Amino acid sequence: MAGETDETPFRAADATRAFGGSAVALVVAGTVALLTRQPWLFPSLGPAVMLHVEQPGRPESSPRNTLIGHLVALLAGYALLELTGLTDNPSALQEGVSVPRIVAAAGSLAVTAAVLALLDAAHPPAGASTLIVALGLLRTPTQLVIAGAAVLLVTLVDLLFNRATGRQMPLWRGRS
């Protein structure tokens with residue numbers, strides 16, 4: 001067929017795998033959220049899952065970087081909430097942006113980026129996780145533990161999905 005290249009079947013297979021892997025991971029996390037009535041779904045799972053299913057061999061997609069990245073992000077976000085006295089405040093979506101909220105957001109992102117650079121554990125979706133906490137969308141210790149468990153869950157689902165579909169995602173650390 002005119003205009004068709006050798007890459008077309010490969011791209012279709014990649015798109016199908018990305019579609020399936022993304023859907024499976026979020027359906028599993030969503031089902032747990034539905035059953036437990038807890039926040040097992042939150043925005044930064046999306047980019048983490050997309051990295052896992054689209055680029056499973058990259059260091060940023062590895063389970064090591066994913067888990068360390070989100071752990072650092074959740075802790076940094078909460079630490080900055082504490083430092084700015086915002087742990088009991090409504091989210092920035094409800095009360096708007098204030099100087100303490102800007103400090104919490106900027107500080108948590110800066111700390112997350114610096115710590116992940118020091119640990120050689122880059123995982124860009126962690127930047128979203130730290131802002132989710134600093135902006136007060138998830139702010140209780142219980143919510144943060146659940147968020148961490150959700151990251152672990154989708155990482156495991158993605159690892160199993162990738163392996164079942166012939167893509168190699170490292171068990172722990174990707175090659176740099």
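Is V157 buried or exposed? Let's start there. V157 is buried, because its relative accessibility is 14%, and buried here means under 20% relative accessible area, with exposed over 50% and partly exposed in between, using a 1.4 Å probe and protein chains only.

Before going on, the ground rules. This is a predicted model, so local features need pLDDT of at least 70 and side-chain atom pairs count only at pLDDT 80 or more, while totals for chains, interfaces and linings use all residues. Residues are numbered from 1 along each chain as its sequence is written, and side-chain values use heavy atoms, with hydrogens and water left out.

Okay, the overall picture. The protein chain has seven helices and zero strands, and from the N terminus the order reads α-α-α-α-α-α-α. Helices are DSSP runs of H or I, at least four residues, strands are runs of E, at least two, and both are numbered from the N terminus. Along the principal axes, the C-alpha atoms fill a box of roughly 60 × 40 × 35 Å. Of the 176 residues in the chain, 41% are buried. Take the contacts, meaning heavy atoms within 4.5 Å, that have a separation of 6 or more: 75% of them are between residues 24 or more positions apart.

Back to V157, which sits in helix 7. Skipping residues up to four places away in sequence, V157 touches V24, A25 and V28. V157 and L26 are 131 residues apart in sequence, yet their C-alpha atoms are 9.3 Å apart in space.

Staying on helix 7, which spans residues 141-164, we come to T155. T155 is buried, with a relative accessible area of 3%. Beyond its neighbours within four places in sequence, T155 contacts H52, P63, T66, L67 and M169.

Next, the nonpolar cores. By that I mean sets of buried Ala, Val, Leu, Ile, Met, Phe, Trp, Tyr and Cys residues joined through side-chain atoms within 4.5 Å. The largest one has 24 residues, and the members that touch the most others are F42, L45, L138 and V154. Two or more residues each come from helix 1 (7-36), helix 2 (45-54), helix 3 (63-83), helix 5 (99-118), helix 6 (125-134) and helix 7. Which element gives the most to this core? That's helix 7, with seven residues. As for V154, leaving out residues up to four places away in sequence, its partners are A25, A29, L45, V49 and H52. Apart from this core there's another, of five residues, including V72, A73, L116 and A126.

Now helix 6. It's mostly covered, with eight of its 10 residues buried: P125, A126, G127, S129, T130, I132, V133 and A134. The cover over those buried residues includes helix 2, helix 3, helix 5 and helix 7. Just after helix 6, G136 takes a positive phi of about 80 degrees.

H70 is buried, at a relative accessible area of 2%. Its side chain makes a polar contact of 3.0 Å with the side chain of H123. A polar contact is a pair of N or O atoms within 3.5 Å; within protein, one must be able to donate a hydrogen and the other to accept it, and residues adjacent in sequence count only if both atoms are side-chain atoms. Beyond four places in sequence, H70 is in contact with S44, A48, H123, P125, A126, S129 and V151.

For contrast, a loop residue. Q38 lies between helix 1 and helix 2, and its 34% relative accessibility makes Q38 partly exposed. Not counting residues up to four places away in sequence, Q38 touches A33 and I146. Q38 and T142 are 104 residues apart along the chain, and their C-alpha atoms are separated by 9.3 Å.

Last item, the pocket. Pockets are found on a 1 Å grid over the protein atoms alone, as open sets of points where a 1.4 Å probe fits, with protein on both sides within 12 Å along at least five of seven lines; lining residues have an atom within 4 Å of a point. The largest pocket has a volume of about 220 Å³, where grid points are joined across faces, edges and corners and the volume is the space filled by probe spheres set on the points. It's lined by 13 residues, and L71, L74, L144, V145 and G148 are the closest to its centre. Helix 3 and helix 7 each supply at least two lining residues, and helix 7 gives the most, with seven.
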